[in-house]
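Please keep the sequence and the 3D view open while reading.

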Amino acid sequence: MSDELNDLIARARDGASAIQELQDRYDVVGWQIKDPSYAQVRHILLHLMKITADVAVIVEHVEHELHNGTDPTDAARAFDNVLQERSDLGAELLFHASQFANLSHCNMVDEVVKIYARNAKRFAPDSEFNALG
């Protein structure tokens, strides 16, 4: 594994730790669903479903455009523009992922590194990510 990858993982640990701490601090004052933890997870799920629906609306529009004969390059360009307009969706996912990680007492970077390693075995076996596992 390269020094650069090790450095990125270390930097990710710092960033993810700060995000989780920030989320925990916010949730003390901003989260109305306090107990029990399954109610909190259920509420997170509701928000994730709303985000998924927002993404589905964006993608569904492109599907119809392509079906109606729009040039794929134009459709892709329009899609990219909508993604930029809805850049909040990634932040929403991070917000709720941080809540879930805090509830489950997990280290997000450790878990993400496991995913990279697992996926690399299937999709990038010759990459440095395969050495993570």
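## Lys121 and its surroundings

Leaving aside its neighbours within four places in sequence, Lys121 is in contact with Asn130 and Gly133, where contact means heavy atoms within 4.5 Å. The side chains of Lys121 and Asn130 are joined by a polar contact of 3.5 Å; a polar contact is a pair of N or O atoms within 3.5 Å, of which, within protein, one must be able to donate a hydrogen and the other to accept it, and residues adjacent in sequence count only if both atoms are side-chain atoms. Lys121 has its place in helix α5, and helices (H or I, at least four residues) and strands (E, at least two) are DSSP runs numbered from the N terminus. From C-alpha to C-alpha, Lys121 and Ala131 are 9.1 Å apart in space and 10 residues apart in sequence.

Lys121 counts as partly exposed because its relative accessible area is 48%; buried means under 20% relative accessible area, exposed over 50%, and partly exposed in between, with a 1.4 Å probe and protein chains only.

## Basis of the model

This is a predicted model, in which local features need pLDDT of at least 70 and side-chain atom pairs count only at pLDDT 80 or more, while totals for chains, interfaces and linings use all residues. Residues are numbered from 1 along each chain as its sequence is written, and side-chain values use heavy atoms, with hydrogens and water left out.

Which residue's side chain is joined to that of Gln99 by a polar contact? The partner is Asp27, and the polar contact between the two side chains is 3.1 Å. Gln99 lies in helix α4, residues 88–103, and is classed as buried because its relative accessibility is 4%. Leaving aside neighbours within four places in sequence, the contacts of Gln99 are with Gln23, Asp27, Trp31 and Ile44.

Gln23, placed in helix α1, is likewise classed as buried, because its relative accessible area is 6%. With neighbours within four places in sequence again left aside, Gln23 is in contact with Phe95, Ser98, Gln99 and Asn102.

## The largest nonpolar core

Nine residues make up the largest nonpolar core, namely Leu5, Ile9, Ala16, Ala101, Met108, Val109, Val113, Ala117 and Leu132; a nonpolar core is a set of buried Ala, Val, Leu, Ile, Met, Phe, Trp, Tyr and Cys residues joined through side-chain atoms within 4.5 Å. Helices α1 and α5 each supply at least two residues of this core, and the largest share, four residues, comes from α5.

Val113 lies in helix α5 and counts as buried because its relative accessibility is 15%; leaving aside neighbours within four places in sequence, Val113 is in contact with Ile9 and Leu132. Met108, under the corresponding exclusion of neighbours within four places in sequence, is in contact with Ala16, Gln20, Leu94, Ala97, Ser98 and Ala101.

## The largest pocket

The largest pocket holds about 150 Å³ of space. On a 1 Å grid over the protein atoms alone, a pocket is an open set of points where a 1.4 Å probe fits, with protein on both sides within 12 Å along at least five of seven lines, and lining residues have an atom within 4 Å of a point. Grid points are joined across faces, edges and corners, and the volume is the space filled by probe spheres set on the points.

The lining consists of Leu5, Leu8, Ile9, Ala12, Met108, Val109, Val112, Val113, Tyr116, Phe129 and Leu132. By class, this lining has 11 nonpolar, no polar and no charged residues, where Ala, Val, Leu, Ile, Met, Phe, Trp, Tyr, Cys and Pro count as nonpolar, Asp, Glu, Lys and Arg as charged, and the others, Gly among them, as polar. Helices α1 (3–30) and α5 (108–123) each supply at least two residues of the lining, and α5 gives the most, with five residues.

## Backbone features

Most residues other than glycine have a negative phi, and most peptide bonds are trans. His105, which is not a glycine, has a positive phi of about 55°. This residue, His105, lies in the loop between α4 and α5 and is exposed, with a relative accessible area of 74%.

A cis peptide bond, with omega about -15°, joins Asp35 and Pro36, and Pro36 has its place in the loop between α1 and α2 (37–67).
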